[in-house]
Amino acid sequence: MYAIAVLGAFVTAAWWFVQQTSSYARLETLIQRHAVVAAEVGKVSSIRLPFFGYGLDVTDGRVDPNFSVHVTGSKGEASVHADFVDGAITDAYLLTAEGHTIPLVIQR
């Protein structure tokens, strides 16, 4: 029973921590300001990170996060997935309620 409580506390702490990172703040800014997001969901009223809506990739000695968030706006809802490398968004796309995938970041 204690192990379940400790695991629950760890998951909650990790979920809270990733929302405090600069990478998550960059993602929120991208979502709030992107014209495609505004066209699909309208004025954004909510960005929610599910408990298991994040991951960490460890490569070459660095830890790079990725996020999948739920976005609610005045026109509807969608999801946004974003990958980071060295603190910069390297890939992001909007998944509409109709099942369309729309890139938000131009790949270099």
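Two aromatic rings of Phe, Tyr or Trp are taken as a pair if their centres lie within 6.5 Å, and a pair with planes over 60 degrees apart is called edge-to-face. By this rule, the model, which is a predicted one, contains two aromatic pairs. In one of them, the ring centres of Tyr24 and Phe67 are 5.4 Å apart and the ring planes stand at 70°, so the arrangement is edge-to-face. Because Tyr24 belongs to helix H2 and Phe67 to strand E3, this pair ties together parts of the chain that are 43 residues apart in sequence. Tyr24 has a relative accessible area of 2% and is therefore buried, and Phe67, with a relative accessibility of 1%, likewise counts as buried. The other pair is formed by Phe67 and Phe84, whose ring centres are 5.7 Å apart and whose planes stand at 85°, so that this pair is edge-to-face as well. It also links distant parts of the chain, since Phe67 lies in strand E3 and Phe84 in strand E4, 17 residues apart. Both Phe67 and Phe84 are buried, and through the ring pairs Tyr24, Phe67 and Phe84 are joined into a cluster.

These residues are part of a protein chain with three helices and six strands, which follow one another along the sequence in the pattern α-α-α-β-β-β-β-β-β. The protein chain has 108 residues, of which 32% count as buried. Its accessible surface comes to about 6900 Å², and carbon and sulfur atoms account for 61% of this area. Among the contacts of the protein chain with a separation of 6 or more, 44% are made by residues 24 or more positions apart.

The largest nonpolar core consists of 20 residues, and those with the most contacts inside it are Leu27, Ile31, Val37, Val69, Val71 and Val80. Two or more residues are given to this core by each of helix H2 (22-33), helix H3 (35-41), strand E1 (44-48), strand E3 (62-73), strand E4 (77-85) and strand E5 (88-96). When neighbours within four places in sequence are left aside, Val71 is in contact with Ile31, Val37, Val41, Val44, Ser46, Gly76, Glu77, Ala78 and Val80. Thr72 has a relative accessibility of 19%, and because the limit for a buried residue is under 20%, Thr72 counts as buried. Not counting residues up to four places away in sequence, Thr72 touches Lys43, Val44, Ser45, Ser46, Arg48 and Glu77.

Charged side chains were examined next. The structure holds two salt bridges. Arg62 forms a salt bridge with Asp64, in which the closest N and O atoms are 2.6 Å apart. With a relative accessibility of 25%, Arg62 counts as partly exposed, whereas Asp64, at 4% relative accessibility, counts as buried. Arg62 also forms a salt bridge with Asp86, and here the closest N and O atoms are 3.6 Å apart. This pair links distant parts of the chain, for Arg62 is located in strand E3 and Asp86 in the loop between E4 and E5, 24 residues apart. Asp86 has a relative accessible area of 60% and is therefore exposed. Taken together, Arg62, Asp64 and Asp86 are linked in a network of salt bridges, in which Asp64 is buried, Arg62 is partly exposed and Asp86 is exposed.

Leu56, Val58 and Val63 make a nonpolar surface patch of about 300 Å². Of these residues, Val58 has its place in strand E2, which comprises residues 54-59. Val58 has a relative accessible area of 63%, and because exposed residues are those over 50%, Val58 is described as exposed.

Conventions: Residues are numbered from 1 along each chain as its sequence is written. This is a predicted model: local features need pLDDT of at least 70, side-chain atom pairs count only at pLDDT 80 or more; totals for chains, interfaces and linings use all residues. Side-chain values use heavy atoms; hydrogens and water are left out. A nonpolar core is a set of buried Ala, Val, Leu, Ile, Met, Phe, Trp, Tyr and Cys residues joined through side-chain atoms within 4.5 Å. Buried means under 20% relative accessible area, exposed over 50%, partly exposed in between (1.4 Å probe, protein chains only). Helices (H or I, at least four residues) and strands (E, at least two) are DSSP runs, numbered from the N terminus. Contact means heavy atoms within 4.5 Å. Patches are made of residues with over 30% relative accessible area and no salt bridge: like charges are joined within 9 Å, nonpolar side chains (Val, Leu, Ile, Met, Phe, Trp, Tyr) within 5 Å. Accessible areas come from the Shrake-Rupley method with a 1.4 Å probe; for residues, only the protein chains shown count as cover. A salt bridge is a side-chain nitrogen of Lys or Arg within 4 Å of a carboxyl oxygen of Asp or Glu. Rings of Phe, Tyr and Trp (its six-membered ring) pair if their centres lie within 6.5 Å; planes under 30 degrees apart count as stacked, over 60 as edge-to-face and the rest as tilted.
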